[in-house]
Amino acid sequence: PAHVPTRVRLVLDKGRGVTTEEIVDFPLPDDSWTTWNYPGSIGFTHQIQAVNEALRAGEKECTHFTHNDSLQMAHILDEILAQVFDVTQELSSPSATTTTTTSSSNVVSEEEMTA
């Protein structure tokens, strides 16, 4: 499934038609002992383990995906939804005007979120 990729193929263009390719596999843990509502959900164990490690170390967030990273991701998803909604409105109403939404900043601080 798309939400749980197990292989990444990286192709680097070095110019003049020369490329290099690297394939990295991320095998999923064995989940034959249970069934999941969504195939590949066992892949979330890496995130669960990272959160457990952070909590055991007394940290409030994981160092490789911080609270600010989560906020940025939420803003990106909100922007995508807003644009998809705008497109859907345009398609359903031929007389609707076109609006373009852009974001001027990719980084949002916690203070900006609570303001």
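In strand β2, T20 is the bridge partner of L12. Strands here are DSSP runs of E with at least two residues, and helices are runs of H or I with at least four, numbered from the N terminus. The model is predicted, so local features need pLDDT of at least 70 and side-chain atom pairs count only at pLDDT 80 or more, while totals for chains, interfaces and linings use all residues. Residues are numbered from 1 along each chain as its sequence is written, and side-chain values use heavy atoms, with hydrogens and water left out.

Strand β1 (residues 7–15) and β2 (residues 18–25) pair in the antiparallel sense over eight bridges; pairing requires at least two bridges found by DSSP. The two strands form a hairpin with two residues between them, and R16 in the turn has a positive phi of about 55°.

Is β1 buried or in the open? Of its nine residues, the number buried is zero, so β1 lies largely in the open. Buried means under 20% relative accessible area, exposed over 50%, and partly exposed in between, with a 1.4 Å probe and protein chains only.

Let us turn to helix α2. This helix covers residues 67–92 and includes I80, which is partly exposed, with a relative accessible area of 43%. E79 is also placed in α2. E79 is buried yet has no salt bridge, that is, a side-chain nitrogen of Lys or Arg within 4 Å of a carboxyl oxygen of Asp or Glu. The nearest side chain of opposite charge, R9, is 29 Å away; Lys and Arg count as positive, Asp and Glu as negative, and His and the chain ends are not counted.
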